[in-house]
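Here is a short tour in questions and answers. Look at the sequence and the fold, then read on.

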Amino acid sequence: MAGKLDMRLGAHEEREFEWGQHKSRPLESVRGKYVYVVQSLHGDAAHNVNDKLCRLLFFLGALRDADAARRVTAVVPFLCYARKDRQTKLRDPVTTLRGGAFRGRGRRPSGDARGP
């Protein structure tokens, strides 16, 4: 995809800890840049959909913490839980992620003492 757009992929680090936690971060400056992250959330043998979703959300947060521009865009060709957008049985949960988990994650400017 990056080649078709005549862009290069940004370097990033992903690290697994022995107790099952994960860390990911950009390895180059994203300050003031518009950033696009392409990640399918389709489960596979290495990671289930929940692992992939957490990794994506944590990486998007790391980009914002690294002062990416106002817009960090996640391109998600397969969005897990997207089909569970209505109740089909009594007390059935609605677990859709259609934008809700990704939208409204902006940060306040540094120095804002009002808190979260």
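**Questions on the fold**

D67 lies in the loop between α1 and β4. The model is predicted: local features need pLDDT of at least 70, side-chain atom pairs count only at pLDDT 80 or more, and totals for chains, interfaces and linings use all residues. Residues are numbered from 1 along each chain as its sequence is written, and side-chain values use heavy atoms, with hydrogens and water left out.

Q: What pattern does the chain follow along the sequence?
A: Helices (H or I, at least four residues) and strands (E, at least two) are DSSP runs, numbered from the N terminus. The chain has one helix and four strands. Read in order, they give β-β-β-α-β.

Q: What share of the residues in the chain is buried?
A: Buried means under 20% relative accessible area, exposed over 50%, and partly exposed in between (1.4 Å probe, protein chains only). The chain has 116 residues, and the buried share is 22%.

Q: Among contacts with a separation of 6 or more, what share joins residues 24 or more positions apart?
A: A contact means heavy atoms within 4.5 Å. Residues 24 or more positions apart account for a share of 52%.

Q: How many salt bridges does a search of the whole structure find?
A: A salt bridge is a side-chain nitrogen of Lys or Arg within 4 Å of a carboxyl oxygen of Asp or Glu. The search of the whole structure finds seven.

Q: Which residue forms a salt bridge with E13?
A: The closest N and O atoms of the pair are 2.5 Å apart. E13 lies in strand β1 (residues 12–16) and its partner in strand β2 (residues 22–26), so the bridge ties together parts 12 residues apart in sequence. E13 is partly exposed at 22% relative accessibility.

Q: Which parts of the chain does the salt bridge of D67 and R31 link?
A: The side chains of D67 and R31 meet at 2.9 Å, N to O. D67 is partly exposed at 27%, whereas R31 is exposed at 58%. The two residues are 36 apart, in the loop between α1 and β4 (72–75) and the loop between β2 and β3.

Q: Is K52 buried or exposed?
A: K52 forms a salt bridge with D44, with the closest N and O atoms 3.1 Å apart. D44 is partly exposed at 42% relative accessibility. K52 has a relative accessible area of 13%, so K52 counts as buried.

Q: What is the volume of the largest pocket?
A: On a 1 Å grid over the protein atoms alone, a pocket is an open set of points where a 1.4 Å probe fits, with protein on both sides within 12 Å along at least five of seven lines; lining residues have an atom within 4 Å of a point. Grid points are joined across faces, edges and corners, and a volume is the space filled by probe spheres set on the points. For the largest pocket that is about 980 Å³.

Q: Which element gives the most to the lining of the largest pocket?
A: The lining has 30 residues, and L9, G10, Y36, V37 and V38 lie nearest the centre. β1, β2, β3 and α1 each supply at least two residues. The most, five residues, come from α1.

Q: What is the phi of D6?
A: D6 is found in the segment before β1. D6 is exposed at 72% relative accessibility. D6 is not a glycine, yet its phi is positive, about 55°.
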